[in-house]
Amino acid sequence: MMTTLSQTVSVFSNRAINLESVASFNTIKTLRFNPPSSPRSLSRNFCRVQATILQDEEEKVVVEESSPLKNFPNDDEPPETGSASALEKWVIKFEQSVNILLTESVIMVLDALYRDRDYARFFVLETIARVPYFAFISVLHMYESFGWWRRADYLKVHFAESWNEMHHLLIMEELGGNAWWFDRFLAQHIAVAYYFVTVFMYVISPRMAYHFSECVESHAFETYDKFIKAQGEKLKKMPAPAVAIKYYTGGDLYLFDEFQTARLPNSRRPKIENLYDVFLNIRDDEAEHCKTMKACQTHGNLRSPHSYSEDDFGCEDESGCIVAQADCEGIVDCIKKAVAVSTPRVKQN
């Protein structure tokens, strides 16, 4: 009996030893094929991740400084679809990079040609700045002809913007900014090229076209702001042009209120006493253009300020400010929606 018991204990002991050997072998095998990361590799991976995060944040800061987009996906919002959201972010970054590159190229040319000739530079700027609104209106009228667009707010606001820029141009002409033939030649030919570029851009991607216009208006604001700070005391001693007095203090200021979509009508009434006041208001006009162009980058987010009541103007919930749209965004979207509408009718027949 004792012999049998000792044999049984011996068998179980051998089996336990074998199991421990197998476990240790598997452990060694696991360690061999999955080695633990060394401190150097861990720090390298951490630095790589940190660099990626910093690079993304730097790009985001650049984009936000040029134009913070309301339609850019927020980090707090759940992604709709990973691939679609990532693709849209990439497209937005690409569009903005192209716009910034084009704007900086034009600025370099203007800096080289008009370093000490402020009024001539302003004349060229205002000739160029009013062109996008002509382009927007042209494309929107084409969409209306095809039955793809049925909202008047965009047409009204863009016409008011072009009306404002036209008076800026008249002011610069009265100040002698168009005295040289070369300045007129350069401004007019850049305007023609800019028109067709904007039409093409607006047909493909309205968001990109609006951002491009925002970049131009932002540069105009900075240019006037620097000029006012440098020449302020001198400008206060000079009289205001008659066209500026008539435009800013005239009787009918409906169009003056119309392009300022971030304000209630009648909330801004400039006082023009000297040339300093004129340039101060032109600078403020450019800031209002920037706000309007930024609002346009979210499809359906633009409404005429005269269509708001005081209660619902500037609502805190931005989603409530966006009107549901049945119209299209760009020629590709217009064709897709036109085909989608016509297809059921063909099936019914």
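**Exercise 1. Which pattern does the protein chain follow, read along the sequence?**

Solution. Before we start: this is a predicted model, where local features need pLDDT of at least 70, side-chain atom pairs count only at pLDDT 80 or more, and totals for chains, interfaces and linings use all residues. Residues are numbered from 1 along each chain as its sequence is written, and side-chain values use heavy atoms, with hydrogens and water left out.

Step 1: take the helices (DSSP runs of H or I, at least four residues) and strands (runs of E, at least two), numbered from the N terminus. Step 2: tally them, and you get 13 helices and 0 strands. Step 3: write them in order, which gives α-α-α-α-α-α-α-α-α-α-α-α-α.

**Exercise 2. Work out whether E165 is buried or exposed, and what E165 is in contact with.**

Solution. Step 1: find E165 in helix α6, residues 153-174. Step 2: check the accessibility. Buried means under 20% relative accessible area, exposed over 50%, and partly exposed in between (1.4 Å probe, protein chains only). E165 comes out at 0%, so it counts as buried. Step 3: look for contacts, meaning heavy atoms within 4.5 Å. Skipping neighbours within four places in sequence, E165 touches E126, A129, R130, Y133, E217, E286 and H289. Take R130 from that list: R130 and E165 are 35 residues apart in sequence, yet 5.3 Å apart in space, C-alpha to C-alpha.

**Exercise 3. Describe the aromatic pair of F136 and Y202, then that of Y248 and F256.**

Solution. Rings of Phe, Tyr and Trp (its six-membered ring) pair if their centres lie within 6.5 Å; planes under 30 degrees apart are stacked, over 60 edge-to-face, and the rest tilted. The whole structure holds 20 such pairs. Step 2: F136 and Y202 sit 4.7 Å centre to centre with 35° between the planes, a tilted pair. F136 belongs to helix α5 (residues 131-145) and Y202 to helix α7, so the pair ties together parts 66 residues apart in sequence. Both F136 and Y202 are buried. Step 3: Y248 and F256 are edge-to-face, at 5.8 Å and 85°, and these two are buried as well.

**Exercise 4. Locate W180, and find which charged end sits over its ring.**

Solution. Step 1: W180 is in the loop between α6 and α7. Step 2: a charge sits over a ring if NZ of Lys or CZ of Arg is within 6 Å of the ring centre and within 35 degrees of the ring normal.
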